[in-house]
Amino acid sequence: MRCDILTLFPQAVEPYLAVGILGKAVASGIVDVRVHDLRRWAINRYGQVDDEIYGGGPGMAILAPVAVAAVEELAGGDRVRVVLPDPRGRIFTQEVAKELAFQERLIFLCGRYEGFDARVAQILQADEVSIGDYVVSGGELPALVILDAVLRQVRGVVGDPQSVVQDSFTLGLLDFPVYTRPRHFRGLAVPDVLLSGNHEAIRRYRLRESLRLTLQRRPELLQRYLPHLPPEVQRLALEMAEELGLHNLLAADRG
Ligand SMILES: C[S@@+](CC[C@H](N)C(=O)[O-])C[C@H]1O[C@@H](n2cnc3c(N)ncnc32)[C@H](O)[C@@H]1O
C-alpha cells in the first residue's frame, strides 16, 4: 500500500511515522508512506497557498488550484482515493478503517485555517472523514489517526494478527481489561482466573469482561452487532444483560 500525506507542516507528521508499529512497517517496506509539503504547489514565488474567504469573515482557506495540482501530480493519472479530514465528514470508525485498508493507494489532504476551498472535495471526489465531533487546528492529527488505524488492518503491520482481531470494535465489542505485574497493587489484586493457567476459563472470563464493558459503556455497539456475533456470545450477552439489569437494552434483539 502507498500513502501520500499532503500537509503544510511535514515536520508535525514525520516523527510519528518513524516510531513504533508504523515506524517498523515503513522501514520494512510493508507500506510506502510519503510526506509532501503542500507549499511545493504554491501559486507564486512567495509560497502562497491560501487566501481570504469570499463573503468575508475570519480566517483563510487553502486555494483549490494548489490542492488539486498536488493531488493530480501525485496520483499521476491513476484513480486514487483522496481522504480529506474534515469535521463535517463521515465519522471515522473501525469499519471505515477496514474499508480504506483495501485501497492500494491513499492520498491524505491535511487542511489548516478554515480548511480547503469547497471545490477541492468536489473536484477530487474526496472522501471527507471526521475523527469526531470536535475541531482540532489542522488535518495532520486526524490524518495520522486515520492512517494508523488503517495500517493496523494491513497484513503484516501488527506482528501478531490476533492483537488486531482482539482490538476494541473489531468484533463489535470493547476489548477486555489487561493486567501485568505486580499481582497486588494499592489493595487491588489481579483476578485469580488469569493466574489459573486454565485457558478455557480465561477465555470465558475475558469474553464476559468484554461484554460487561460494552453493555455498560457502549450498549449501542452490542445492539448493532449482536446478530452478527457467534451464538455462544449472543447467549452470554443476553445472560449478562439480565444479570446487570440491562436486559431492556437488548430486548429488541430477542423479539
Ligand atoms: C480549524 S479546522 C477548520 C474547521 C472548520 N472551521 C469547521 O468548523 O468545520 C482546520 C482543519 O483541521 C482539520 N480538522 C479539524 N477537526 C477535525 C475533525 N474533527 N476531523 C477531521 N479533520 C479535522 C480539517 O482538515 C480542517 O480543515
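Trainee: Start with the sheet. What is the strand order?
Mentor: The order is β2-β1-β6-β5-β7, in an open sheet of 5 strands with parallel pairing. Strands pair if DSSP finds at least two bridges between them. Strands (E, at least two residues) and helices (H or I, at least four) are DSSP runs, numbered from the N terminus.

Trainee: Which are the edge strands?
Mentor: β2 (32-37) and β7 (127-130), each pairing on one side only. From one strand to the next, the twist averages 30 degrees.

Trainee: Before we go on, what kind of model is this?
Mentor: It is predicted: local features need pLDDT of at least 70, side-chain atom pairs count only at pLDDT 80 or more, and totals for chains, interfaces and linings use all residues. Residues are numbered from 1 along each chain as its sequence is written.

Trainee: OK. How many bridges link β1 and β6?
Mentor: β1 (residues 2-7) and β6 (residues 105-109) pair in the parallel sense over 5 bridges. D4 has I107 in β6 as its bridge partner.

Trainee: What does helix α3 touch on the sheet?
Mentor: α3 (residues 64-75) touches β1, β2, β5 and β6, and its direction makes about 160 degrees with that of β6. Contact means C-beta atoms, placed from the backbone, within 7 Å. Angles run from 0 to 180 degrees between N-to-C directions; axes are lines fitted to C-alpha atoms, for helices over the stretch in contact.

Trainee: And where does α6 lie?
Mentor: α6 (residues 140-152) lies across β1, β5, β6 and β7, at about 110 degrees to β5.

Trainee: Now α8 and α10. At what angle do they pack?
Mentor: About 55 degrees, with the axes of α8 (residues 199-217) and α10 (residues 231-243) 10 Å apart. They are therefore oblique to each other. Under 35 degrees is roughly parallel, over 145 roughly antiparallel, 65 to 115 roughly perpendicular, and the rest oblique.

Trainee: Which residues meet there?
Mentor: L207, R208, L211, R212 and L215 in α8 meet V233, L236, A237, M240 and A241 in α10.

Trainee: Last one. Where is the cis peptide bond?
Mentor: Between R181 and P182, with omega about 0 degrees. P182 is in the loop between α7 (161-166) and β8 (184-185).

Definitions and conventions: Two residues are in contact if their C-beta atoms, placed from the backbone, lie within 7 Å.
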